[in-house]
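Here's a quick tour for anyone opening this structure for the first time. Have a look at it below, then follow the notes topic by topic.

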Amino acid sequence: MAEPRLSIEPHDACVVVAVHGELDVTSSQQLDDCLAEASPGRDRMILDLSGVDFMDTTALAVIVSHWRRQVEADGMFLIAGARYRYTKALWITGLADRLPMYDSVDEALSAATAAS
């Protein structure tokens, strides 16, 4: 199984973390490390899940942990591009109703910019 590809791209006070591949128990630490690396100095983070082919609850726990950390620090944590077919765990757990979710990175960037 191939490792997921993760990238970090700054956008002013916001940072976009893009994921391509599968997020599961074998890659959750890599996701955690990437999100931790992206967060210092940025109060708005967008997690682009448009390239995710599968996500389990282990990865979901990492996402929730970073979402809570951002919010507790008066920041924003937005999800972009999550496709139900591949990220069902967001909907099954009810988190899709609690996490700020957008269809695209551009929509999330607009929302993050408008909130500042």
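This is a predicted model: local features need pLDDT of at least 70, side-chain atom pairs count only at pLDDT 80 or more; totals for chains, interfaces and linings use all residues.

**The cysteines**

- C34 is buried too, and its relative accessible area is 9%.
- How many disulfides are there? The count comes to zero.
- C14 isn't in a disulfide, and the nearest cysteine sulfur to it, the one in C34, is 14 Å away.
- It reads the same way from the other end: C34 is in no disulfide, with the sulfur of C14 as its nearest cysteine sulfur at 14 Å.

- Picture five strands forming an open sheet, in the order β1-β2-β3-β4-β5, with mixed pairing.
- Which strands stand at the edges? They are β1 (5-11) and β5 (101-102).
- Each of those two has a single partner strand, so one side of each is left without a neighbour in the sheet.
- β1 runs antiparallel to β2 (residues 14-23), and seven bridges join the two.
- To see one of these pairings up close, find L6: its bridge partner in β2 is V19.

**I8, a residue in β1**

- I8 lies in strand β1 and is partly exposed, at 34% relative accessibility.
- What does I8 touch, if you skip residues up to four places away in sequence? Its contacts are V15, V16, V17, C34, E37 and A38.
- So C34, a buried cysteine at 9% relative accessible area, is one of the residues that I8 touches.
- For a sense of scale, I8 and E107 are 99 residues apart along the chain, and their C-alpha atoms are separated by 18 Å.

**Helix α4 and its two faces**

- Helix α4 covers residues 105-114, and its buried residues are A108, L109, A111 and A112.
- Those four cover an arc of only 165 degrees around the axis, which puts them on the same side of α4.
- Which exposed residues sit on the face turned away from that buried side? They are D106, T113 and A114.
- What covers the buried residues of α4 includes β1, β2, β3 (44-55), β4 (76-80) and β5.

**Helix α2**

- H66 is found in helix α2, which takes in residues 57-72.
- Is H66 buried or exposed? H66 is buried, with a relative accessible area of 4%.
- The side chain of H66 has a polar contact of 2.5 Å with the side chain of D32.
- Beyond its neighbours within four places in sequence, H66 is in contact with D32, L35, A36 and F77.
- R68 also lies in helix α2, but R68 is partly exposed, at a relative accessible area of 48%.
- Between R68 and A108 there are 18 Å from C-alpha to C-alpha, and the two are 40 residues apart along the chain.

**An aromatic pair**

- The structure has one aromatic pair.
- Its members are Y84 and W91, with ring centres 5.4 Å apart and planes at 70 degrees, so the pair is edge-to-face.
- Y84 is partly exposed, with a relative accessible area of 47%.
- W91 counts as partly exposed as well, at 34% relative accessibility.

**Two loop residues with positive phi**

- D12 sits in the loop between β1 and β2.
- Phi of D12 is near 55 degrees, a positive value in a residue other than glycine.
- At 75% relative accessibility, D12 is exposed.
- Where is D74? Look in the loop between α2 and β4.
- D74 has a positive phi as well, near 60 degrees, and is likewise a residue other than glycine.
- D74 is exposed, with a relative accessible area of 73%.

Definitions and conventions. Residues are numbered from 1 along each chain as its sequence is written. Side-chain values use heavy atoms; hydrogens and water are left out. Two strands pair if DSSP finds at least two bridges between them. A disulfide is a pair of cysteine sulfur atoms within 2.5 Å. Buried means under 20% relative accessible area, exposed over 50%, partly exposed in between (1.4 Å probe, protein chains only). Rings of Phe, Tyr and Trp (its six-membered ring) pair if their centres lie within 6.5 Å; planes under 30 degrees apart count as stacked, over 60 as edge-to-face and the rest as tilted. The arc is that of the directions from the helix axis to the C-beta atoms. Contact means heavy atoms within 4.5 Å. A polar contact is a pair of N or O atoms within 3.5 Å; within protein, one must be able to donate a hydrogen and the other to accept it, and residues adjacent in sequence count only if both atoms are side-chain atoms.
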